[in-house]
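Good morning, colleagues. Please have the sequence and the model open before you, as I shall refer to individual residues throughout.

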Amino acid sequence: MKSFRSFRLSAIAAAMVLAVPAAHAADVAQPSIAKMSVSGLSTAKGFDRFIVTYRNGTTEHLDRSAALQNVKAAVGRANRSAFSVPVSASYQRKLAIGSDLVRTSRKLNASEASALMQQIAADPAVAHVEPDVMMRAVRDIAAPTNVTPQTFTPDDTYYAKYQWHFSNATGGANINNAWDIADGNGVTVAVLDTGITQHPDIDLSLADAGYDFIIDAFVSGRSADGRVPGGWDNGDWTTGDTYAQCRNAGDPGENSSWHGTHVSGTIAELTNNGTGMAGIAYKAKVLPVRVLGHCGGYTSDIADAIVWASGGHVDGVPDNTHPAQVISMSLGGGGNCTADSVTGQAIAGAISRGASVVVAAGNNNADVANYSPASCPGVIAVASNGITGKRAFYSNYGSGVLISAPGGGVYTNDDPNTGTQANPEGFVWSAINSGTTVPANATYGGMAGTSQATPHVSGTIAMILGATQQAGLPTPTPAQIKNLLTSTARRFPATIDKPIGAGIVNAFAAVNKALGNDTGNEPVVALTKGVLLGGQSGGTGASILYSIDVPAGARSLNIRTLGGTGDVSLFVKAGSAPASDGGNADFRSVKPGNSEAVVVAQPQTTTYYIRVLAVQAFDKVSVLATYTQ
């Protein structure tokens, strides 16, 4: 896998970046019963690593020699039918979820890789096979080199000047108000990224307790293969010569991103300490887990890291003594993630152990369904908005996105058509390092991307968990966390061009609701009798509240939703708003699709509240309420 290199505006040099890891291809059912993930085959120059999942109870699942024997047999068949240059296979290791990693003696092109996986999948003992894909770092935009570097003094007052994303009433995450009631104390957040660097504004007490899960020496930058203790970032730079296999021909390469430090700072940078900037859950502990290095990181390593970070066992690695309640992954790559894929299984295991898994939706301006791990079942996929609340032009979108968060719109007024990149409010600001390759001096800088939106949600979850723990309340489950986020999200200030979730994360409202102190400030859209209100949209889990005043003498009340795309449910209650899940509604309509209708005979003389709840993302839906007298 590779990291989503985020758009970056640093205090040392104005440059933009974006970070992205491994691919999980779309699963195609094979006649041989096994499933084969193939969409990742379009993401790399060659493939020599394959992950095979054998069915539980088979000899191959229990015995590595039997597994390798079957793979060798598949290779033999492919040598005879598809390969002009024969290959051999070797066994690498078993993943934490029980899958086996094998390697071919040379890199295969996409056609050869597909042929080999078909032969492997033909074995009835095989449940799933996929390439162990490494995605490339992506650089979408370069900030103008004539931007005046920003100068910082060691004081949190720069929070007010630069960290709009914590407090702006339109596009921010309402972090500043949440600090009155939560700080993340007692919560561990695992950041699966490039690792972390020394920085005086970050609590590094768990840095040595973290782990570097990168096995391949080329990717890790170490002299030999193998995993090592500590979550330290040694740099992820690439050069045109040394790293030609992960760069395009003639590409000069990229400097180290220090991406993990920036993400970690947003989540838990020290606050009110007279130094630099602020963090969201500033008393939470960050557990850095290095999964991304030179050229990115492999799916197999990231899957093991997910298991380990959440408290699961990984052979060859000491068990994690600080299991995370939140796993934050600002990484991704091409391909659809399914429940039976390697990453899908690792994430399901983490969720079962009580960890919320938060993932960047991606910076490709495309449907999140085609990107992994953002499309994995159970994750909290986060899109990006700018300071005006608009969808950031680069942000992925679609029904798989749960919520949006400030990630930086880059351009003035979040408008790439008329704005300029020389705009501090277009970026998210946090801790970073000044080194071009290896770590140098600690500093601060701006980046933009769904990578930067993601830690706003991870930090908010840490605040929720810390606050409920300190209040002696039951710990919310990952499913309950999702509901808290979506039911309290702030509505987008205007119609968005693509669905990016239930709204913008609202830390203050989410923590309050978790504590049982619902603020009661949910916006209500007033409907006019007989007037069709069109253009309504929202992401999966979005909830929009409407109202209509019914006068005395009304004989019937008719409420409808119609048109557009997606799937909504309709909940109606007299005198007060239905609950966020519609559970206490007086009337409801929950048919598939958008054509919902509620008819109330002899309605009360009162205000009726109407909740439209998105079962799936919806767009261009109309709402109508009318009554007869």
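Let me begin with a question: is Asp48 buried or exposed? In this predicted model, Asp48 has a relative accessible area of 9%, and because the limit for a buried residue is under 20%, Asp48 is buried. Its side chain meets that of Arg103 in a salt bridge, with 3.3 Å from N to O. This pair links distant parts of the chain, for Asp48 belongs to strand S4 (residues 47–54) and Arg103 to strand S6 (residues 100–108), 55 residues apart. Arg103 counts as partly exposed, at 25% relative accessibility.

Strand S6 (residues 100–108) brings me to a second pair. Asp100 forms a salt bridge with Lys94, and the closest N and O atoms are 3.1 Å apart. Here Asp100 is buried, at a relative accessible area of 1%, while Lys94 is partly exposed, at 30%.

In total, the model has 16 salt bridges.

Strand S9 is one of the eight strands of an open sheet with mixed pairing, ordered S10-S9-S13-S8-S14-S16-S18-S19. Which strands form the edges? They are S10 and S19 (403–406), each of which pairs on one side only. At the S19 end, strand S18 (residues 380–385) pairs with S19 in the parallel sense, over four bridges.

Finally, the helices. Helix H8 (residues 259–268) packs on the sheet and touches strand S8 (188–193), strand S13 (285–290) and strand S14 (326–329). The direction of H8 makes about 160° with that of S8. Helix H12 (residues 478–488) lies across strand S16 (356–360), S18 and S19, and runs at about 25° to S18.

That concludes my presentation. Thank you for your attention.

Definitions and conventions. Residues numbered from 1 in each chain as written. Predicted model: local features only at pLDDT ≥ 70, side-chain atom pairs only at ≥ 80, totals over all residues. Heavy atoms only, no water. Salt bridge = Lys/Arg side-chain N within 4 Å of Asp/Glu carboxyl O. Helix = DSSP H or I, 4+ residues; strand = E, 2+ residues; numbered from the N terminus. Buried < 20%, exposed > 50% of the residue type's maximum accessible area, 1.4 Å probe, protein only. Pairing = 2+ DSSP bridges. Contact = heavy atoms within 4.5 Å. Axes fitted to C-alpha atoms, helices over the stretch in contact; angles between N-to-C directions.
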